[in-house]
Amino acid sequence: MRFDNIANITLLDPVFTKQHLAMEGVCNAEESDVMSQTCVLSEFSECAEVRAVISSLPDIHHDLVCRENTFEKFVVTMDRYQEQPHLLDRHLEWMLNMLLEIIRSEKSPPLLVHLCFKFLYVISKVRGYKVFMQLFPHEVSDVQPVLDLLCRQDPKDTETWETRYILLLWLSMTCLIPFDLSRLDGHLSTDPEVKREPVMDRILSVAKSFLGVSDKSRDAASVLVSKFVTRPDVKQKHLGNFLDWCLTTISQTSEVTMEGTVALDGALQSLAQLFKHGKRDDFLQYAPTVLQCLNQKRITDSNQATLRKLGVKVVQRLGLTSLKPRLAKWRYQRGCRSLAMNLAQSAITESVEATKPDLSFVSQEEDYDIPEDVENVIEQLLVGLKDKETIVRWSSAKGIGRVTGRLPKELADDVVGSVLECFSFQETDNAWHGGCLALAELGRRGLLLPSRLSDVVPLIVKALTYDEKRGACSLGSNVRDAACYVCWAFARAYDPTELEPYVNQIASALVITTLFDRNITCRKAASAAFQENVGRQGTFPHGIDIVTAADYFTVGNLNNCYLTISVYVAGFEEYTKPLIDHLVTMKVNHWDGVIRELATKALHNLTLRAPDYMANSVLPQLLPMATGMDLHTRHGAILACAEITHALYKLATQDNRSVTDFLSSDTIEGLKGIHQKLSDRRQYRGFGGELMRPAVCALIEKLSLSKMPFKDDPVITGWQWLIDDSLKNLQMFSTGARQGVQDAAVSALAALCRQYYQIEIGVADVKMQEELVGQYLSALGSPVVLTRCGCALALGALPPFMIHGKLQQILHGLQAVCRVAPKQESLTEARRDAATAMSQVCVAVGVRARGSPDRVLCEDNVRAVYEALLGCMNDYSTDSRGDVGVWVRAAAMSSIMDVTLMVVASAPELLSSDLVQRMMCCFAQQAAEKIDRYRAHAGTIFLRLLHSLEPAVPYIPHREELLSIFPPEMGNSLNWNAASQAYPHITQLLGLHQYQYHTLLGLTVSVGGLTESTVRFSSQSLFEFLKSIQQDAAALQQFGDTVLAIFRDHLRNDRVSVPLLKMVDQLLANGCFDLFISEESHPFSVELLSLCKEEIKRSKEVQKLLSCIAVFCGMVQFQGDMRKKVLVQLLMLLCHPFPVIRKATASQVYEMLLTYDDVIGDEQVLADVMASLSDTNWESDIATVRAHRNQLCDWLGVPRPTLVVKVTGLSH
């Protein structure tokens, strides 16, 4: 709800759902303005459609598919009105009448009748049975037919339970006829052979039978009991007996079995409904007996949550029966509840005084004895508040509210005191949750007097931040949500003057929960409760401003709450310190690392609002925490100290001051001593070290950026040791923590060098430069891959003055790491980080064409950099994780782009045409490959370099053609991740001579890959291109030569050769080389056959052999001598050592002969060959198979293959 027109809105009765507090829309009937904003639907717009559906039921019920489709369509339509069921009210009657007309028709078969009852159940579910059942016809003439139809139902039929449910509800309404049911019996026969049971007995027996079923009919049976047994004529004869039956069922039934649980459920539901709807005078005499039976059965100890809930419901109804029905005169009444009045501050005092009741003149309570059983009832309800299931606690809370409303003031106050005992830290979260629900109910009913608010409000404030860690998760989100419900209820229950002393506490607590709660539902619940208080109370400081900034939808984003909205809210003085204090006391030490880090960033942002408070109060409070014993507290406190110090530095810089002007000498010493204390306690080791190292590295970074006066201090040596030790021992940390430790150490190193290793601006401390560069370069040769990674990134993070004079050494060291040396394929991560570091070093030192190669990037060293990075583009290393070389290629692409843009901006003459051509071709190849993410990365860089104008990259081959394929406006619109968008563009590069080889190389692994969508779109695009050059012999010849060149260059390289064979098979099958077929022994076919034979020579790779078989079958299209050579190869494969290859070859040759009918001219020979291929068991032994194969050779007119005898020894 918005407050744009708040003066025109008056909120009335509370509408609050127990499960979705945050979704509470306060949509009462009188609130048209709110309704228009929160309710999407305005009427039942599908009226005609539903009428047509119901009318069609007699025609479609016999067709199972039509029946199910129609029913599902109806369910979907009705479910739209689940949140606004009142829109159906005008239409319920005609829907009911249409369906009942079909049901009553004698022509309706049972299947149609059951279908109509399904429709009726859906309507009752959406609208609610209490409203819907009132529309059933309930004339005297309806009793017998409904009862007869119900008696004919099979309680065990699981397909027709909706029929039984609706019939029971209908029978419940017919029981309300104002005539004695004995009149319906007529003259019962006196003949003993003719047994006719009275209607009253029949209904009761039906109700009892359905109280024991396991479906929803049981619920409807309990409703029938409440309507039927409470009739004046029935209760005289059967009430006592029925209660005896219920108590017998309860006492003699065990919940161990499913049947026993169902029977108990039915009996308890019946008791709850009877004591709810029956007259007190009728049931008062039975209440003690029922309570005694329940106590003996000990329902509260049941394992079934539903039974415990029903037990609580029955117990509270027994308590209400024992107490006289009256409205407590002592209860608090607020009076007028107008939002407009709350906002009209000038008139609020008068109005409140005029409407507020004077409790001092309330007459003394009427004296009467409270039955002893009531104490037992209240005790059981208080125990229910601590139950482990929410439904039981919720029912208990409502029972507490109902029963307390009938008690004298003193006893009611005792109940409130007992509820407050739930809020002890010795109690579980269940007790806290139940206590909150009970307080909300008491407050809503006016039973929590203002005199108790001083005890209640502090507990609710604690509940708003209740959070208990249990193992790997936490408990308390339901407690915080319920505490928000309490605040929501109090806003409606109390006059603003009563809550005024507690406004700041409640407002601050709700704002804290709205902004900083980990759970999104709690944040939204707190936002709704705060909004309710702003509207109802009108006393919350800056309420409208905060509600506007932190509304229901805005608080959904946790980062936004911590980092943006909190800064705005802290701008209001009343909330500044509470927000900061909460972060320091509750969130900096939170068990969730994400929350701790967000809290420290929030403290950074909030420092702007209270710098003196941060410096003088918060930092001294955090410093002991930073060296305490609790790991999470230490971690959060160290990060918080770092962030606050850096924020103070930024503020000081604005006034040309030093950060030390804000900090006391004790604080500075405390910050400086954190590392040493942790080191002395050895808290950098083990699991704790995974949190402490990045935290202290962040502290080092922030203190260095803040220019703390620690130059030449021994602490700098300690900091440097921590950074070096972390980078060189990354393998000691868990996989999840390594990246965080590495990033923090690298960032800390860069800041530390800039602040403490400069003698003067741009001049390094030579000793430290020699030491750092030397140790990192030597560590690049470490056998531990993570050590190489950390030290490579450390070199990349060094500031320019630390690199000057050492550039050549650093570049040579990184270039050596980038090369794939024999037996070093596993060092993939090191090559990736070295490629990244190389560009960082180059960008740091800058470029100057005639500069010194030891200081800047220049003509003497630029080519070596490019050669190393372009070499990384060919890294296709694989391991158990898959294509890990792609990490190196991606890093190299980013590095080439950074270096190129820098060189082009300052010294474009350093770029040669061959470098640019190789670079662009490599990007084109990567942009055509199969992994979506890296294809997008390459494509984006390709377009970035192509479209770069200021400055433009020189020597790009075919620039004009490329710009026509990729116009500048396409840069942001082309989705490279989508194969359907990327490949139609990238295949156009095949028409550009200089890009053809590399583009086709990338396409090869895509067309011959495994991913269905990639294969489909890449092959479609390739075929489209080949279709466009089918009549251009020269272009097709060039394409064929390129295919052969790729095959030749990657012979026996399975990464390329296997996909290439699959691609060639598709090309042959689609007739892409038809132009070559007519020419006998075309060079393309000759070369292709030679390469295929070489590829599979001595190969044991099944996939490669299968792909090659398919290519051979496709090459049969070539005429003359080439066909015979191909057939020889296929026939040789029929005797391959692997049975699977023999079988696959026979199958594919069979299909080939069917496809190409000109291979064998003689029909008889063709029939014999086909029969042999299909009938022979090609998986049998080689000798048998060879005989069949030789016969095929004779039929096909090709020479029989002969075995080559291997000479294994010297002849004598």
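This is a predicted model: local features need pLDDT of at least 70, side-chain atom pairs count only at pLDDT 80 or more; totals for chains, interfaces and linings use all residues.
F119 is buried, at 0% relative accessibility (buried is under 20% relative accessible area, exposed over 50% and partly exposed in between, with a 1.4 Å probe and protein chains only). Residues are numbered from 1 along each chain as its sequence is written, and side-chain values use heavy atoms, with hydrogens and water left out.

**Aromatic pairs**

- The count comes to 31 aromatic pairs, where rings of Phe, Tyr and Trp (its six-membered ring) pair if their centres lie within 6.5 Å, and planes under 30 degrees apart count as stacked, over 60 as edge-to-face and the rest as tilted.
- F71 and F119 have ring centres 5.8 Å apart and planes at 65°, so this pair is edge-to-face.
- F71 sits in helix α3 (residues 64-79) and F119 in helix α5 (residues 110-127), so the pair ties together parts 48 residues apart in sequence; helices here are DSSP runs (H or I, at least four residues), numbered from the N terminus.
- Y332 and Y494 make a tilted pair, 5.3 Å centre to centre with 35° between the planes.
- Y332 is in the loop between α15 (305-322) and α16 (339-343), and Y494 in the loop between α23 (477-493) and α24 (496-499), so the pair ties together parts 162 residues apart in sequence.
- Y332 is buried at 5% relative accessible area, and Y494 is buried at 1%.
- F1025, F1039, F1073, F1076 and F1084 come together as one aromatic cluster.

**Charges over rings**

- The charged end of K524 sits over the ring of Y552, 4.6 Å from its centre (NZ of Lys or CZ of Arg must be within 6 Å of the ring centre and within 35 degrees of the ring normal).
- R657 puts its charged end over the ring of F662, 4.8 Å from the centre.

**A helix pair**

- Helix α29 (residues 573-587) packs with helix α30 (residues 593-606) at an angle of about 155°, with the axes 10 Å apart; axes are lines fitted to C-alpha atoms over the stretch in contact, and angles run from 0 to 180 degrees between N-to-C directions.
- That makes α29 roughly antiparallel to α30 (over 145 degrees).
- On the α29 side, I580, L583, V584 and K587 make the contact, meeting I595, R596, A599, A602, L603 and L606 of α30 (contact means heavy atoms within 4.5 Å).

Terms used
Helices (H or I, at least four residues) and strands (E, at least two) are DSSP runs, numbered from the N terminus. Angles under 35 degrees count as roughly parallel, over 145 as roughly antiparallel, 65 to 115 as roughly perpendicular and the rest as oblique.
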